Amino acid sequence: MARSMTKQREALKLMLTTYLTSREIQAATGLSKSAVCRYRRAAQFKQLTWSTVEHWPADRIDAVLNKRPGGGKVLPPFDYAKLCDELTAKRMPLMVWYVDYQRQAYPHHRSYSSIAKGLRAFRKTMPTFMHMQHNPGERMSVDFSGHVPHYLDPKTGKKVKVVIFVGSCDASSYFFVKAIHAQSIPEFLRAHADMLAFFGGAPAVFVPDNAKCAVVRTGTDLELQRCYEDLAKHYGVTILPARPHHPKDKAVVEASVKIFKNQMLTRLRSFTFYSIDEINERIAVLLEDANNQPMSNGMPSRRQRFEAIDQPALRPLPPDRYVHADIVPKIRVDGGYHVLVRKHRYSVPHRLTGQHVSARLTHEVVELFHDGKKVAHHARSNAMGGLTTDPTHMPDAHRAQADRNPESLKAWAKTAGPHIARFVQAQFDQERSFLGLRPADRVKTLVGKYGAALVDRALSDCPDLKTANVTDLQRKLSVMAKEGATTPARRSSNARGSRTFKSPEFPHARPVS
């Protein structure tokens, strides 16, 4: 039975300053007669006086008048702070630790119950929480709920569980809830895009937990999911994950998850859903009510706080919504300046041969990056084993060889001249069209030597292009070029003429015209 320190001090004062009997002191203090007698004997044995005892603290008086628990044995001091840190670091139960402690450290000195009691008393002296100051629009915390609803598959009739994604603005506690199919990376990133559209702006920091869809490796060598980093880069947000086993780093969203569990999930279970869209429609109604509900401490509702605090501080969203893209890192460029991505080869500039690039894949495009800079952009192809090449990525010799095909030569001929186009087309209209490659290529060489206008004029004189051949065309161009060379050349404007020259003997003579 616990002893009253005040009654002990009062009884000791009456014993040392008055002549009252033990029974009278018992009646005055409310202590038992045996306790009063024991205190009197202890005071007489230790020759106490009230002038000495008057200024003693209560615990010293109690130690003098009463025996210590455990028969008065003096035990070595125990470091409960060290024990608490060790149990937390190793995530070890006290009983497991006590077995090792009893066998190795201090056998027979302390019982498990006494250590447990001392540890509970020490933990009560430790701070239990920290008041956090959240700046407006700075942080958004995200998390998943451990308690999830389900819907019935109309085809099979089986229950299909969904995952609940929760995000909140830390300054106002305004939160967002959405049901998704799984904790996969595409679903996780799509939920982030929906959350930012719901809030109407982007924060400075995302605070997720350490789920695999967000964090690949925790600790000092932290590694985030590349796709998650891509989303953060698109919206200009920094990712700062919570520390492992420290859920209070994102306490606001933990409270939002609790609200979903206690208020919204209970109401969802009273409905029968047949698709995830039906669940999200009902969640939107319940979410509106939860955000508009006044807070229990008399504060304004979460929506009012969001409109006053967070919304003005959020940064505007980019014009384009984020589209999920798969990131494929460190792909080696082969000797043909192509990289193999999803069983299809895409070209990069030939100067990157032998180096490594990373690929960003969406449903429509493939973007290739080297040292953080985009070096290639292609439409995505699903042709397995196919080849997509940008001519600008090729060396000059390779580009010239690639252009030596019927389609390229026909396209070039259309830009060179109408008669050249008719002649080239006639070369490929024969039964074995590939035989037209050589004459069409020679015509292209002649255009480079004599010019497109002269070649086109030479071909215009041919009444039948089917009977014309490149050898005759080359002779005709040679003759036309020589005839053009025999015509009198136009005097250059730089020539000064005979009028500018004067005889040194007759400097005043007039030049002969």
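# Questions on a predicted model

Me: H245 is found in the loop between β9 (238-239) and α11 (251-268). Why does H245 count as exposed?

Reply: This is a predicted model, and every value here is computed from it. The relative accessible area of H245 is 61%. Exposed means over 50%. H245 is over that cut-off, so H245 is called exposed.

Me: Which loop holds K343, and why is K343 called exposed?

Reply: K343 sits in the loop between β11 and β12. Its relative accessible area is 55%. The cut-off for exposed is over 50%, so K343 passes. K343 also has a positive phi of about 65 degrees without being a glycine.

Me: How do you know that β11 and β12 pair?

Reply: Four bridges join β11 to β12 (residues 344-347). Pairing needs at least two bridges, so the two strands qualify. They run antiparallel. V339 stands opposite Y346 in β12.

Me: Why are β11 and β16 placed at the edges?

Reply: The open sheet has three strands, in the order β11-β12-β16, with mixed pairing. β11 (338-341) and β16 (387-388) each have a single partner strand, so one side of each lacks a neighbour in the sheet.

Me: What makes β13 and β14 a pair?

Reply: Strand β13 (residues 356-361) meets strand β14 (residues 365-370) over four bridges, in the antiparallel sense. At least two bridges are needed, so this is a pair. S358 is opposite F369 in β14. The two strands form a hairpin with three residues between them.

Me: How many bridges join β14 to β15?

Reply: Six bridges join β14 to β15 (residues 373-379), and the strands run antiparallel. At least two would do, so β14 and β15 pair. L368 has A376 in β15 as its bridge partner. This hairpin has two residues between its strands, and D371 takes a positive phi near 55 degrees in it.

Me: How do you know that R360 and E367 form a salt bridge?

Reply: Their closest N and O atoms are 3.2 Å apart. The rule asks for an Arg or Lys nitrogen within 4 Å of a carboxyl oxygen of Asp or Glu, so the pair meets it. R360 and E367 are both buried. Salt bridges that share partners join D230, R360, E367 and K374 into one network. The count by this rule comes to 16 salt bridges.

Me: What distance parts K250 from E254, N to O?

Reply: It is 2.5 Å, and their side chains meet in a salt bridge. The limit is within 4 Å, so the pair counts.

Me: Is K250 buried or exposed, and why?

Reply: K250 has 5% relative accessibility. Buried means under 20%, so K250 counts as buried. E254 has 27%, which lies between 20% and 50%, so E254 counts as partly exposed.

Me: What makes K90 and E86 a salt bridge?

Reply: Their closest N and O atoms are 3.5 Å apart. That is within 4 Å, so they count as a salt bridge. Both lie in helix α6 (residues 80-90), four residues apart, about one turn of the helix. E86 is partly exposed, with 25% relative accessibility.

Me: Why is Y112 called partly exposed?

Reply: Its relative accessibility is 31%. Y112 is in helix α8 (residues 112-124).

Me: Which residues make the nonpolar surface patch of about 230 Å²?

Reply: M95, V99 and Y112 make it.

Me: How many residues has the largest nonpolar core?

Reply: This core has 34 residues. Those with the most contacts inside it include M140, F165 and F188. Helix α9 gives the largest share, seven residues. A second, separate core has 21 residues, among them A179, V253, V257 and L287.

Me: What does F165 touch?

Reply: Beyond four places in sequence, F165 touches residues including V142, F176, F188 and M195.

Key. Residues are numbered from 1 along each chain as its sequence is written. This is a predicted model: local features need pLDDT of at least 70, side-chain atom pairs count only at pLDDT 80 or more; totals for chains, interfaces and linings use all residues. Side-chain values use heavy atoms; hydrogens and water are left out. Patches are made of residues with over 30% relative accessible area and no salt bridge: like charges are joined within 9 Å, nonpolar side chains (Val, Leu, Ile, Met, Phe, Trp, Tyr) within 5 Å. Accessible areas come from the Shrake-Rupley method with a 1.4 Å probe; for residues, only the protein chains shown count as cover. Buried means under 20% relative accessible area, exposed over 50%, partly exposed in between (1.4 Å probe, protein chains only). A nonpolar core is a set of buried Ala, Val, Leu, Ile, Met, Phe, Trp, Tyr and Cys residues joined through side-chain atoms within 4.5 Å. Contact means heavy atoms within 4.5 Å.
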